Amino acid sequence: MLIPFFTTLRDHRVPVSMKEWLHLMEAMDRDVAGGRVEDFYHLSRAVLVKDEKHYDRFDQAFAKAFKGVESVGPGDEISAAIPDDWLRLLNEKFLTDEEKAQIEALGGFDKLMETLRQRLEEQEGRHEGGNRWIGTGGTSPFGHGGYNPEGVRIGGPGRHGRAVKVWEKREYRNLDDTVELGTRNIKVALRRLRRFAREGAAEELDMDGTIDGTARQGWLDIRMRPERRNTIKVLMFLDIGGSMDAHVKLCEELFSAARTEFKNLEFFYFHNCLYEGVWKDNRRRHAERIPTWDLIHKYPGDWRAVFVGDASMSPYEVTMPGGSVEHWNEEAGAVWMRRAREQWSKSAWLNPVAERYWGYTPSTGMLRELMDERMFPLTLDGLDQAMRALTR
């Protein structure tokens with residue numbers, strides 16, 4: 001049973017090494033997971049999966065390898081093959097609320113599994129529409145297509161969501177590194193961009209220093225130290241309006257996560273391409289602009305610059321004076337992008353549009369070239385690559 005699980009993980013592109021697999025086998029030999037498939041699921045995921053972005057692939061592989069299996073390991077009494085015709089749904093049983101209310105649970109997982117073993121020993125053929133045998137469309141706790149408040153679904157799709165064991169539920173779907181980010185994992189990706197140091201006032205208790213000083217002095221010697229903070233400084237330029245309206249929610253999530261992860265974060269808005277002015281408040285974008293030259297003079301080269309935008313615009317907005325759709329720009333957007341790159345060499349562009357569509361927009365290729373190919377899709381994998389690029 002376990003060897004096909006290993007090959008299934010490889011087929012689903014979960015990077016499992018032989019060393020990790022041997023660790024799992026060692027844990028199984030020591031009966032760490034017992035015989036329950038839930039425990040084996042959590043154990044194998046903890047041992048075999050090194051990165052959260054692979055959780056969804058692991059769930060798919062596990063569901064495929066252990067579909068219908070209720071226990072794992074030696075002495076498994078429920079691994080007997082159940083003929084397909086026992087589980088073939090010939091018709092569905094539709095129950096009234098009164099009938100459902102009359103169905104009683106068998107009394108917990110252990111009792112449920114004990115009863116399943118007995119039914120496997122006693123049942124000799126297919127059953128449909130009943131309340132005892134393994135089959136379909138009835139009120140038995142074993143099978144599918146029927147109803148029982150505490151059942152074990154064996155084969156077929158679920159209908160009521162009441163089965164004790166359903167492995168097709170993919171709770172980590174948005175952690176796949178090929179899909180757009182969600183709030184639950186943006187912070188994880190941003191944490192790659194960290195450089196900690198202790199700066200400022202000594203306001204945090206130094207436990208190790210206090211213990212050492214007390215032991216040496218012979219009396220309580222309380223010592224304090226500055227808080228350990230992430231010293232990375234980030235400038236974030238956010239494209240706003242126009243085609244970016246479709247990506248507002250994703251950009252809000254990214255911005256919120258960045259505010260949490262980076263204590264030294266400054267943000268500014270622009271439209272389509274960077275020009276001679278940016279702004280902090282979109283309601284006063286025309287009245288209170290900040291000259292881009294001021295930013296270049298104020299923030300030194302040790303700041304990281306992150307541009308967020310879909311890079312979708314007329315090529316003239318990048319290459320020509322006066323190309324902006326909002327105002328008359330004296331210099332082309334490409335000129336200002338080069339100046340920004342010269343000032344903040346550690347910079348990256350995050351694009352919320354899927355990478356496979358970049359080739360359809362000429363301006364995307366232009367900005368990608370201006371960024372020295374440092375344009376990344378706004379996915380978990382793309383954000384991970386961007387953070388790595390900003391550390392180099």
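Colleague: Why is D221 called buried?

Modeller: D221 has 18% relative accessibility, and buried means under 20% relative accessible area, with exposed over 50% and partly exposed in between (1.4 Å probe, protein chains only). So D221 counts as buried. Bear in mind that this is a predicted model, where local features need pLDDT of at least 70 and side-chain atom pairs count only at pLDDT 80 or more, while totals for chains, interfaces and linings use all residues. Residues are numbered from 1 along each chain as its sequence is written, and side-chain values use heavy atoms, with hydrogens and water left out.

Colleague: What makes D221 and R223 a salt bridge?

Modeller: The side chains come to 3.1 Å, N to O. The rule asks for a side-chain nitrogen of Lys or Arg within 4 Å of a carboxyl oxygen of Asp or Glu, so D221 and R223 make a salt bridge. As for R223, its relative accessible area is 34%, so R223 is partly exposed.

Colleague: How do you know that R225 and D206 form a salt bridge?

Modeller: Their closest N and O atoms are 3.5 Å apart, so the pair passes that cut-off. The two sit in distant parts of the chain, 19 residues apart: R225 is in strand β6 (residues 224-230), and D206 is in the loop between β5 (196-205) and α8 (207-217). Strands here are DSSP runs of E, at least two residues, and helices are runs of H or I, at least four, numbered from the N terminus. E204 joins D206 and R225 in a network of salt bridges.

Colleague: Why is D206 called buried, and why is R225 called partly exposed?

Modeller: D206 has 16% relative accessibility, so D206 counts as buried. R225 is at 26%, so R225 counts as partly exposed.

Colleague: And what about E266 and K280, how far apart are N and O there?

Modeller: The distance is 3.6 Å, N to O, and the side chains meet in a salt bridge. This pair also links distant parts of the chain, 14 residues apart, with E266 in strand β8 (residues 264-270) and K280 in the loop between β9 (277-278) and β10 (290-291). E266, at 27% relative accessibility, counts as partly exposed, and K280 is partly exposed too, with 33%.

Colleague: How many salt bridges does a search of the whole structure find?

Modeller: The search finds 15.
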